[in-house]
Amino acid sequence: MREKKKDLLIRIWLGVSIVSSTFLVLYILGYIFKNGFEAISLDFIFNSPKGIPIGAEGGIFPAIVGSIILTIFASLFASILGISTAIYNTFYCKNEKRKSFICMIVQCISGIPSIVLGLFGYTLLVLYLDFGRSVLSAGITLGIMIFPFIEVRIEKILQETDSNIISSSYALGVSKEYTILKLVLPLCKSEIVSCVLLAGGLAIGATAPIILTGAVISAPVPNSIFSPVMALPFHLYILVNESLSLKNAYGTSLIMIILLLLINFLSIFIVSRRSSK
């Protein structure tokens with residue numbers, strides 16, 4: 001009888017948690033869609049910010065393009081570091097102490113507040129290396145932020161690869177490098193791409209790392225990696241913090257949510273397509 005009561009309480013708790021979480025998410029999305037839809041138009045999407053002060057009128061096209069560029073740059077940078085670290089930890093590192101040390105470093109990076117990463121990027125990239133406030137500085141800073149997200153998940157993906165396939169490859173005299181590049185990575189390609197996309201979704205909504213490293217209130221679409229850039233989260237911060245236009249702030253929020261939903265749906269589609277095969 002006592003076990004049945006515990007089971008019933010757990011079921012009730014799980015049901016309430018699921019319903020509450022679903023309701024909150026749908027309510028937030030619905031509220032932003034309702035208020036943001038009024039601001040959405042072709043002019044808002046494809047024009048630059050205008051008005052006095054800047055942003056009170058006009059559109060957000062440079063911010064949309066800037067956010068996409070920063071996300072792609074950060075995802076590429078973090079993917080190179082994350083995939084390399086995951087491969088080393090999984091296939092090459094035989095020293096348990098060294099492996100534990102690497103894992104500890106990755107976990108420590110994931111725990112650094114994003115504003116501290118922004119300050120680090122400003123000090124090292126903007127001032128010391130003289131990259132200035134640019135796509136390069138902001139992209140690298142965002143890449144450092146999402147690096148642990150990618151590394152941990154890709155390492156888990158590699159560890160879950162069928163060991164029999166890898167052992168058979170070694171038994172046939174195939175080198176480790178060839179096995180990794182031609183066998184393991186192609187097998188995990190869909191999961192890796194999905195992981196990188198989700199990390200990009202994390203990067204596209206981050207504000208603190210780019211405030212000091214590359215984002216500005218107004219700029220055209222960047223024509224080089226050394227140009228400053230507008231970004232949706234920073235533009236939203238300025239609109240709300242300076243009370244420029246609540247209507248445009250809701251519209252900017254809606255565009256960000258649509259981009260995030262597209263990234264997540266694309267990630268789910270890639271994994272489900274692989275599973276169906």
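Reader: How are α3 and α4 oriented to each other?
Author: This is a predicted model. In it, helix α3 (residues 61–92) and helix α4 (residues 96–110) pack at an angle of about 155 degrees. Angles over 145 count as roughly antiparallel, so α3 and α4 are roughly antiparallel to each other.

Reader: How far apart are the axes of α3 and α4? And which hand is the crossing?
Author: The axes lie 10 Å apart. The crossing of α3 and α4 is left-handed.

Reader: Which residues make that contact?
Author: From α3, T85, Y88 and N89. From α4, R98, K99, I102 and C103. By type, the residues of this contact of α3 with α4 split into 3 nonpolar, 2 polar and 2 charged.

Reader: Now α9. What angle does α3 make with helix α9?
Author: About 130 degrees, with the axes 9 Å apart. Helix α9 covers residues 189–204. The two helices, α3 and α9, are therefore oblique to each other. Their crossing is right-handed.

Reader: Which residues meet there, α3 against α9?
Author: On α3, they are S67, T71, A74, S75, S79 and I83. On α9, they are I192, V196, G200, A203 and I204. The contact of α3 with α9 divides into 6 nonpolar, 5 polar and no charged residues.

Reader: Stay on I83. What does I83 touch, leaving out residues up to four places away in sequence?
Author: I83 touches I154 and I192. I83 itself lies in helix α3.

Reader: Why does I83 count as partly exposed?
Author: Because its relative accessibility is 22%, and buried means under 20%.

Reader: How far is I83 from I258?
Author: They are 28 Å apart in space, C-alpha to C-alpha, and 175 residues apart in sequence.

Reader: Where does D130 lie? Buried or exposed?
Author: D130 is in the loop between α5 (114–128) and α6 (135–159). D130 is exposed, with a relative accessible area of 63%.

Reader: Last one. What does UniProt list for residues 64–267?
Author: The unreviewed UniProt entry lists "domain: ABC transmembrane type-1" there. In the model, residues 64–267 are 77% helix and 0% strand. The end C-alpha atoms of that span lie 20 Å apart.

Key. Residues numbered from 1 in each chain as written. Predicted model: local features only at pLDDT ≥ 70, side-chain atom pairs only at ≥ 80, totals over all residues. Heavy atoms only, no water. UniProt positions renumbered as here; feature names shortened; annotations may be inferred. Helix = DSSP H or I, 4+ residues; strand = E, 2+ residues; numbered from the N terminus. Axes fitted to C-alpha atoms, helices over the stretch in contact; angles between N-to-C directions. Parallel < 35°, antiparallel > 145°, perpendicular 65-115°, else oblique. Left-handed = near helix turned anticlockwise from the far one by under 90°. Contact = heavy atoms within 4.5 Å. Nonpolar A, V, L, I, M, F, W, Y, C, P; charged D, E, K, R; others polar. Buried < 20%, exposed > 50% of the residue type's maximum accessible area, 1.4 Å probe, protein only.
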